[in-house]
Amino acid sequence: MCAIASLSDNLNTPSPAAEIQILNINWFQKQPHGNDEVSLTLNITADLQSLFTWNTKQLFIFVAAEYDTPKNALNQVSLWDAIIPAKEFAKFSIHTSNKYRFIDQGHNLRGKEFNLTLHWHVMPKTGKMFADKIVMSGYRLPEEYR
């Protein structure tokens, strides 16, 4: 029964949607030991209801800033996360500052283009977890600290 239950999730074709706006750059500074740090105010709007099936226990979601540097092809910094326990909470809009510090190990963020990516992990009642994401590009940090 568990195998059949898990396989039935493959019949679901979800169509999640999300939009993230940067409302404000609260501060952008170089820390005393040389690392860049950014504080952002975000508006996160998402409709993830289609990810829920009868077999979904909860969703774990997080927003990550993703960018490249000369040293690393991909840097990912988690900015915010949440657990969505039920379908009725999967359509939301939240106005928030980054929950976790956006710090680059170096001084690579001035003028940097980056993506904001909404990642999700579908945690089933039975069967394997499923993960996916929506990548939103076109963000850029200022050239100067403020």
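Student: Which residues touch the most other members of the largest nonpolar core?

Tutor: This is a predicted model, in which local features need pLDDT of at least 70, side-chain atom pairs count only at pLDDT 80 or more, and totals for chains, interfaces and linings use all residues. Residues are numbered from 1 along each chain as its sequence is written, and side-chain values use heavy atoms, with hydrogens and water left out. A nonpolar core is a set of buried Ala, Val, Leu, Ile, Met, Phe, Trp, Tyr and Cys residues joined through side-chain atoms within 4.5 Å. The largest one has 33 residues, and those touching the most other members are Leu48, Ile61, Phe102 and Leu116.

Student: Is Phe102 buried or exposed?

Tutor: Buried means under 20% relative accessible area, exposed over 50%, and partly exposed in between (1.4 Å probe, protein chains only). Phe102 has 0% relative accessibility, so Phe102 counts as buried.

Student: What kind of aromatic pair do Phe102 and Phe114 form?

Tutor: Rings of Phe, Tyr and Trp (its six-membered ring) pair if their centres lie within 6.5 Å; planes under 30 degrees apart count as stacked, over 60 as edge-to-face and the rest as tilted. For Phe102 and Phe114 the centres are 6.1 Å apart and the planes 70° apart, and the pair is edge-to-face.

Student: What kind of pair do Phe60 and Phe62 form?

Tutor: Phe60 is partly exposed at 24% relative accessibility, whereas Phe62 is buried at 18%. Their ring centres are 5.9 Å apart and their planes lie at 35°, so the pair is tilted.
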